[in-house]
Amino acid sequence: MNSIDLSGRRAVVTGGAQGIGLAIARRFLESGAQVAIWDRDDDLLPKTVGELAKLGHVEGVMVDVTDWKAVEQATAETVAALGRIDILVANAGVAGPTVPLVDYPVDAWHEVVAIDLFGIYHCCRAVVPGMVERGYGRIVNVASIAGKEGNPNASAYSAAKAGVIALTKSLGKELAAHDIAVNCITPAAARTAIFDQISQAHIDYMLSRIPRGRFLELDEAAAMVAWLASEENSFTTGAVFDLSGGRATY
Ligand SMILES: NC(=O)c1ccc[n+]([C@@H]2O[C@H](COP(=O)([O-])OP(=O)(O)OC[C@H]3O[C@@H](n4cnc5c(N)ncnc54)[C@H](O)[C@@H]3O)[C@@H](O)[C@H]2O)c1
């Protein structure tokens, strides 16, 4: 494993109670950062924080990222606990139903976009003022290959993730005059609890589209995010980093 220096950095990882976010939180702690995990899972969050505590300073903050007031409150709690926020990984997300657009329940469509797009907007909106004030920040938004390609039977998810890509490009340009980098990643399928939300046929479809012929490993995602979140990533901003095992070559 290459070492990436995040020593002294204060990081927020949303949706870090499990899955990709947990792998990122672990890698950040191993790289010397202090980490606040924001998640809405009140059962899993304390367990994860307890397990990670041996690696360094980690806080758990209960928050639903769809609720702007709650995100403001989580930001204040994190700043009180860690002093500031240098790094945001906006990762919390859901897959939602995997059904054709015409059969997609309207409420579920709204909910997927509320979490996967508005949640990211809320988190960026809350942490950016502090980053601008201090003249430093690294933001990594977790989009998906579905946002580049559009997966059938995943219209809400694909649309929300395409929105995350565009938000990242826009915010990256807005903040480019500061030492603040805003980038996003577009993973292909990785085996996490999110698979419980989607049909086996959809999982098979996603795997069949990956030229490497396997799922993304969580540590592979964490490695890329750790570098994007580091001081060494001092030039690239507003960019989309592929993690699709060859599916998207653009
Ligand atoms: N696993 C994959 O195949 C895959 C592929 C591409 C992109 N992604 C993206 O990666 C991110 C993480 O996915 P994962 O596979 O680790 O999923 P996961 O289900 O394992 O973890 C998601 C975490 O987000 C939290 N969360 C969900 N909604 C929330 C909300 N409203 N407020 C706060 N926390 C919330 C959950 O409690 C959970 O702990 C998501 O944005 C997902 O879309 C995943």
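Modeller: Helix α6 lies across β5, β6 (179-187) and β7, and runs at about 165° to β6. Contact requires C-beta atoms, placed from the backbone, within 7 Å. Angles run from 0 to 180 degrees between N-to-C directions, and axes are lines fitted to C-alpha atoms, for helices over the stretch in contact. Helices (H or I, at least four residues) and strands (E, at least two) are DSSP runs numbered from the N terminus.

Biologist: What sort of model is this, and how are residues numbered?

Modeller: It is a predicted model, in which local features need pLDDT of at least 70 and side-chain atom pairs count only at pLDDT 80 or more, while totals for chains, interfaces and linings use all residues. Residues are numbered from 1 along each chain as its sequence is written.

Biologist: Which strands does α1 lie across?

Modeller: Helix α1 lies across β1, β2 (34-39), β3, β4 and β5 (136-142), at about 165° to β1.

Biologist: And what is the strand order of the sheet?

Modeller: The order is β3-β2-β1-β4-β5-β6-β7, an open sheet of seven strands with parallel pairing; strands pair if DSSP finds at least two bridges between them. At the edges are β3 (58-62) and β7 (240-243), each pairing on one side only. On average, neighbouring strands are turned by 20° against each other, direction ignored.

Biologist: How many bridges join β1 to β4?

Modeller: Three bridges link β1 (residues 10-14) with β4 (residues 87-90), and the two run parallel. V13 stands opposite V89 in β4.

Biologist: Back to α6: at what angle does it pack with α4?

Modeller: Helices α4 and α6 (residues 155-174) pack at about 15°, with axes 8 Å apart. That makes α4 roughly parallel to α6, because angles under 35 degrees count as such, over 145 as roughly antiparallel, 65 to 115 as roughly perpendicular and the rest as oblique.

Biologist: Which residues meet there?

Modeller: Among those in α4 are W109, V112 and L117, and those in α6 include A156, V164 and L171. The contact divides into 14 nonpolar, one polar and two charged residues. Ala, Val, Leu, Ile, Met, Phe, Trp, Tyr, Cys and Pro count as nonpolar, Asp, Glu, Lys and Arg as charged, and the others, Gly among them, as polar.

Biologist: How many residues surround the ligand?

Modeller: The ligand is surrounded by 27 residues, the closest being G15, G19, I20, G93 and T192; a residue is near if its C-beta atom, placed from the backbone, lies within 6 Å. The elements giving two or more residues to this shell are α1 (19-30) and α4 (106-134).

Biologist: Which element gives the most?

Modeller: Helix α1 does, with three residues.

How values were computed. Contact = placed C-beta atoms within 7 Å.
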